[in-house]
Amino acid sequence: MKIVAVTACTVGVAHTYIAKDRLEQAADKAGHCIKVETQGNVGIENELTAEDIAAADIVILAADVAVAKRERFKGRPLVEVPSVIAIKQPEQLIKKIEAKMGGEAR
């Protein structure tokens with residue numbers, strides 16, 4: 001499965017980057033391809049391209065604040081969770097998404 005994600009927290013520092021790392025580890029462990037954009041106090045890093053989004057099977061927004069440029073994801077399968085879910089339960093999040101998506105990549 002191809003996953004794109006955005007992580008963002010209220011302060012835009014620690015949780016943003018911890019959530020990114022945990023999602024990447026969980027997706028890699030499950031055999032999925034993931035690209036994670038961070039929206040922190042230094043702005044947007046590793047910005048998702050239109051091609052990244054179009055190729056994705058699912059979009060994860062692991063954020064505690066409004067996600068900038070959210071309109072990019074209109075019409076895409078979307079899962080929204082607080083950043084703490086991506087930090088503390090990333091494997092369970094990936095498993096729920098697999099169940100929802102049938103575990104298949106397109």
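Predicted model: local features only at pLDDT ≥ 70, side-chain atom pairs only at ≥ 80, totals over all residues.

Colleague: Which residues on the other side of helix 4 are exposed?

Modeller: Residues are numbered from 1 along each chain as its sequence is written, and side-chain values use heavy atoms, leaving out hydrogens and water. Helices (H or I, at least four residues) and strands (E, at least two) are DSSP runs, numbered from the N terminus, and a residue is buried under 20% relative accessible area, exposed over 50% and partly exposed in between (1.4 Å probe, protein chains only). With those words in hand, the exposed residues on the other side of helix 4 are Lys95, Lys96 and Ala99.

Colleague: Within what arc do the buried residues of helix 4 fall?

Modeller: The buried residues in helix 4 are Pro90, Leu93, Ile94 and Ile97. An α-helix has 3.6 residues a turn, so residues three or four places apart point the same way. Seen down the axis, the buried residues of helix 4 line one face, because they fall within an arc (of the directions from the helix axis to the C-beta atoms) of 95°.

Colleague: How far apart are the end C-alpha atoms of helix 4?

Modeller: The expected span of a helix is 1.5 Å times one less than its number of residues. For the 12 residues of helix 4 (residues 90–101) that should give 16 Å, and the model agrees, as the end C-alpha atoms are 16 Å apart.

Colleague: How many residues of strand 4 are buried?

Modeller: In a regular strand the side chains alternate between the two faces of the sheet. Both faces of strand 4 are covered, with Ile58, Ile60 and Ala62 buried on one side and Val59, Leu61 and Ala63 on the other. Strand 4 is therefore largely enclosed by the rest of the structure, its buried residues being 6 of the 6.

Colleague: How many bridges join strand 1 to strand 4?

Modeller: Two strands pair if DSSP finds at least two bridges between them. Strand 1 and strand 4 run parallel, and the number of bridges joining them is 6.

Colleague: Which residues form the uncovered face of strand 5?

Modeller: Strand 5 pairs with strand 4 in the parallel sense over 4 bridges. Val59 stands opposite Leu78, and Ile60 stands opposite Val79. The covered face of strand 5 holds Val79 and Val81, whereas the uncovered one holds Leu78 and Glu80.

Colleague: Where does Asn46 lie?

Modeller: Most residues other than glycine have a negative phi, and most peptide bonds are trans. Asn46 is not a glycine, yet its phi is positive, about 55°. With a relative accessible area of 41%, Asn46 counts as partly exposed, and its place is the loop between strand 3 and helix 2 (50–55).

Colleague: What is the phi of Lys69?

Modeller: Lys69 sits in the loop between strand 4 and strand 5. Its relative accessibility is 39%, so Lys69 is partly exposed. Although Lys69 is a residue other than glycine, its phi is positive, near 60°.

Colleague: Which residues does Ile44 touch, beyond those up to four places away in sequence?

Modeller: Ile44 belongs to strand 3 (residues 43–45) and is partly exposed, at 31% relative accessibility. Leaving out residues up to four places away in sequence, Ile44 touches Glu37, Thr38, Gln39, Ala68 and Lys69.

Colleague: What is the radius of gyration of the chain?

Modeller: The chain has 4 helices and 5 strands, in the order β-α-β-β-α-β-β-α-α along the sequence. The radius of gyration is taken over C-alpha atoms, and the globule rule is 2.2 Å times the number of residues to the power 0.38. That rule gives 13 Å for 106 residues, and the chain is as compact as a globular protein of that length because its radius of gyration is close to this, at 12 Å.

Definitions and conventions:
Contact = heavy atoms within 4.5 Å.
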